[in-house]
Amino acid sequence: MSKSTSLDPKDSESKRLPIYRHKDRLIQAVRDGSFLVVTGETGSGKTTQLPQYLHQAGFCKDGKIGITQPRRVAAITVAQRVAQEMRCTLGREVGYQVRFDDCSTHDTVVKYMTDGCLLREILADPALSQYSVVILDEVHERSLNTDILLGLLKKNFSNPAKATKGRSFPLRVVVMSATLETDKLSSFLGNCPVFTIPGRNFPVTCTFGSAVGPKDTESTAYVKEVVKMALDVHTSEMAGDILVFLTGQSEIERACDLLYEKAESIDYRYDVQDQTVEGLLILPLYGSMPTDQQRQIFQPPPPRIRKCVVATNIAATSLTINGIKYIIDSGFVKQLNHNSRVGMDILEVVPISKSEAQQRAGRAGRTSEGKCFRIYTKEFWEKCMPEYTVPEIQRTSLTAVILVLKCLGVHDVIRFPYLDPPEERFILEALKQLYQFDAIDRRGRVTHLGEMMVEFPLHPGLTRAILKAASLGCQDLLLPVAAMLSVENIFIRPGHPEKQKEADTKHRALAAKSGSMNDFATLLSVFHSCKSSDRPSTWCKENWIHWRALKSAFSVETQLREILHRLQQKKDFPVEIFDGNKNELFRRCLCTGYFTNVARRSVGKVFCTMDGHGSMVHIHPSSSLFDQEAELNWVIFHDVLVTSRVYIRTVCPIRYEWVKDLLPKLHEVDVYELSSVAREEVTDEEMIKWETREAAKRQPEASAEDVMKKLEKRNNETTVSDARARYLQRKQQRQQNKAL
DNA sequence: ACCTGTTAG
């Protein structure tokens, strides 16, 4: 450790960081107590320096220092930086671990990793016996996994008596966050000390606009306003690049089109102290964009050209673009919200929170002073924007995470110490699903099957189908499908109508090639066709398939195969025999994972879900079953999309007999007992009630209409129809804007 | 009679 005399510029650079002056006191603070909150803005150096300080202070004598990040890229790049600063080979003393990429060895003592990775490690070793210090970073982002880790660490290590359980010495826990919410964190962790490090960012001046007020929460007028503002900035502000925040791909493409048009038609020339800007380089940026196109964003613009990046929220945390001096903030995001009342995830456009607006503004102050132009009014800020974004744990399906907690011995998952507890019905819904998939029993205890299921990085339903298939010896049918369904959508549908037609034709051909009218079978067929192709990437291009997504499906499939293989080595892996054709076998396996997603034809093209919510749904036009009417009365589906209608996507026809025995399970559950607070035996009353209802539904057309009427009435009160109404409103507005 | 943000295992 005799680097202090070094003249290496990197050393002096790290000494210039704001955190350096606090080094000794920080080390002491970690030494003093088991929990510590460290807060500091980006640029304070806490992520790269604190682990090094602790390393120097001897904290690695007894174990590793683990630092979690919510994102893979962050874990990797930070580890690279620190390895460089500590002058060691990446993967030796300093390493990282993310899914599909473990760059750490037995020697690694400073280990950066994703929060999801640490959670999996806890599953294997609840005492975290390899670690002397665990640092949770970016806690203010409130990712689902970080929130769960926070609760687990509090539960298991805050009490000094418990803190050494399964360990020879107590674990130190450091929680790092941006300045907001630190009081809350400290009191959550037993009023532990808070250490504040000043930031090193440049000031950003924010101004409010007049375009979006409290009454415009559903409007899409902001696209035009954002374009106007960008041109304003371009013609009247000094040199420096622009970053525009919008919500989605189509919106971004529209904004870029408008910008091209208008930027050409205006005549301007701005010249102050040789800082001249003459042209505008317009660059869209969103997640599903090809990677090489994304890379273009980071290149500095040609001389005298101003860069204008029009991006989704991907530019708020995931990607950092240098040279941004101006932010234009639409004030909206697209957010995935789970609705437990209808049991669906709905993607909605909503106003951002104030803290998120500050985060966006901060993107202009990375290298020099910046300006942020908010297109919404001060009143909108005060009345429509919440202080903080609702944490993921309160708006997401919890099924997988609850299974993890159960496997960690957290029996009472309702009274688990959540920093912000999710609504009880979210938890109950998760328990119900786990019971339905046989992962837990009637008393809420993890089953043998559940213990196997938790090993898979998948939704429990998909895992259930895989395990069923494996016990029947046909896992090769299910593994690729599960992999394909757990990556982003692999079917590309371009914006231009001509190309759209071409893509649709190709996709229909792929469906036909699979030989059966079953979207899951299409996925399987695509998987193999591409894999056996000589040049998979050109095969994808020709067939309008997302190569990057499919490639990751290949790695996921390999990983799933390995996990399954490991489980099958154990002697108690179940084995079953099935006598029938392959097609039926495949679909029966799918049924064990998707019987919660069964729909029955109601009238005409309308289907009705059988999950107890009784939502009216339509088959999405991208499905090979779209427009297929004959003899198609029962289907299972992978997911639901709420747009102009409620659509089910990735659909498979089934026979009622295949799910007949499973369906009652959807209704017999007593969540009260499942939640481990009940003390009485359940009767079969619920199940009998359901059977009666089901018998009534099985009667022909006349009653089906009655059922539908009843269900529709109920549906009007759900938020699905609210979401649909909002969508239609936005669509109308868009058309009006177009007409203008 | 089609339009889905971001992230993670």
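**Close-up 1. Arginine 425 and its salt bridge with glutamate 423.** Arginine 425 counts as partly exposed in this predicted model, at 41% relative accessibility. Its side chain meets that of glutamate 423 in a salt bridge, 2.6 Å from N to O. Glutamate 423 is partly exposed too, with a relative accessible area of 40%.

**Close-up 2. A salt-bridge network.** Shared partners link several salt bridges into one network. Its members are Arg142, Asp147, Glu181, Lys184 and Asp420. The structure as a whole holds 27 salt bridges.

Close-up 3. Arginine 81 and glutamate 85 form a salt bridge, with their closest N and O atoms 3.4 Å apart. Both residues lie in α4 (residues 72-85). They are four residues apart, about one turn of the helix. Arginine 81, at 38%, counts as partly exposed.

**Close-up 4. A salt bridge between two loops.** The side chains of arginine 92 and aspartate 107 meet in a salt bridge of 3.3 Å, N to O. Arginine 92 lies in the loop between α4 and β3 (94-98), and aspartate 107 in the loop between β4 (101-103) and β5 (110-114), so the pair ties together parts that are 15 residues apart in sequence. Arginine 92 counts as partly exposed, at 46% relative accessibility. Aspartate 107 counts as partly exposed, at 40%.

**Close-up 5. The protein surface around DNA strand B.** DNA strand B is surrounded by 34 residues. The closest are Thr114, Gly287, Leu336, Leu641 and Arg649.

Close-up 6. Glutamine 249 has a backbone N or O atom 3.2 Å from a phosphate oxygen. For leucine 336, a backbone N or O atom lies 3.4 Å from a base oxygen. The elements that give two or more residues to the surface near the strand are α5 (115-124), β16 (332-339), α19 (497-513) and β23 (646-653). Helix α5 gives the most, with three residues.

Note on methods: Residues are numbered from 1 along each chain as its sequence is written. Chains are lettered from A and ligands numbered from 1 in the order in which they are written. This is a predicted model: local features need pLDDT of at least 70, side-chain atom pairs count only at pLDDT 80 or more; totals for chains, interfaces and linings use all residues. Side-chain values use heavy atoms; hydrogens and water are left out. A residue is near a molecule or strand if one of its heavy atoms lies within 4 Å of it. A polar contact is a pair of N or O atoms within 3.5 Å; within protein, one must be able to donate a hydrogen and the other to accept it, and residues adjacent in sequence count only if both atoms are side-chain atoms. A salt bridge is a side-chain nitrogen of Lys or Arg within 4 Å of a carboxyl oxygen of Asp or Glu. Buried means under 20% relative accessible area, exposed over 50%, partly exposed in between (1.4 Å probe, protein chains only).
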